[in-house]
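Dear colleague,

I am handing over the structure below, together with notes on what was found in it. Please read the notes with the coordinates open beside them.

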Amino acid sequence: GLGDVYKRQGEGEQVFRRMSEGSMLVAIESRRSDGQTVPTENVSDDYRLRVTLEAPDAGWEAEPNASAADANPLTPRQTLRGRLDSRGDVDVLRWSGPEGMALVEVQADGLPLAWQTPDGQVRAPGAVQVKLRNGDHVRLFRTDQAGRKGDVPGRTSPWSVTVTPQ
C-alpha cells in the first residue's frame with residue numbers, strides 16, 4: 001500500500017519514489033471513512049494517471065523505508081532528501097560512516113518533522129552533535145501523525161539530512 005493518502009474528489013495526487021523490482025500494478029480506489037470501497041465518481045468522468053519510472057538517485061530516499069530492514073543508507077557528507085507524504089509515514093536511514101561524534105543536520109522547511117537517533121531523544125530540525133556507530137539508525141517522522149484526515153501539510157516539502165563526522 002501507498003499509505004494513508006486522503007484527497008477530496010477532483011484534487012490531484014502525487015506519490016513519490018516507490019521502490020519496486022519487476023512488475024508493478026497501480027490501482028486507484030475510493031474509500032469512505034468507514035472503510036467501504038465504493039465508487040465516488042461517474043464512469044464517464046475523465047481521469048488521468050501518469051506513472052514515471054525514475055532511475056535510483058543516491059541523493060533521494062526510496063520507499064519503503066519505514067523499518068530498520070528497509071533503511072536507506074546515509075553516507076558521510078552526502079545530503080539525503082526525502083518526503084513524509086502521509087501522516088503515518090516514517091523514514092529510517094542507516095548510518096554507513098565511521099563510529100564517533102558527528103554533526104547531524106536535519107532541515108524540513110514547511111514540514112512538521114521530528115527525528116531520533118539511537119539515544120532515543122526526539123529532536124526538532126536543526127544541527128546537533130551526536131555519537132553514531134556504523135549501522136545506527138536515524139528515524140524521521142511527522143509530528144502531526146494524529147492530525148485529522150484530509151490535507152497533509154508539507155507533504156510535498158522535502159526533508160534533508162547531512163551527517164559530517166567530527
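The notes below go from the whole chain to its sheet and then to one residue.

This is a predicted model, in which local features need pLDDT of at least 70 and side-chain atom pairs count only at pLDDT 80 or more, while totals for chains, interfaces and linings use all residues. Residues are numbered from 1 along each chain as its sequence is written, and side-chain values use heavy atoms, with hydrogens and water left out.

The chain holds nine strands and zero helices (DSSP runs of E, at least two residues, and of H or I, at least four, numbered from the N terminus). Of its 166 residues, 32% are buried, that is, under 20% relative accessible area with a 1.4 Å probe, protein chains only.

Five of the strands form an open sheet with mixed pairing, in the order β1-β3-β8-β5-β6, where two strands pair if DSSP finds at least two bridges between them. Its edge strands, each pairing on one side only, are β1 (72–74) and β6 (122–123). Strands β5 (residues 113–116) and β8 (residues 137–142) run antiparallel and are joined by four bridges, and A114 has F141 in β8 as its bridge partner.

D91 lies in strand β3 (residues 90–95) and is buried, with a relative accessible area of 0%. Its side chain makes a polar contact with the side chain of W159 at 3.0 Å (a pair of N or O atoms within 3.5 Å; within protein, one must be able to donate a hydrogen and the other to accept it, and residues adjacent in sequence count only if both atoms are side-chain atoms).

Best regards

Definitions and conventions:
Buried means under 20% relative accessible area, exposed over 50%, partly exposed in between (1.4 Å probe, protein chains only).
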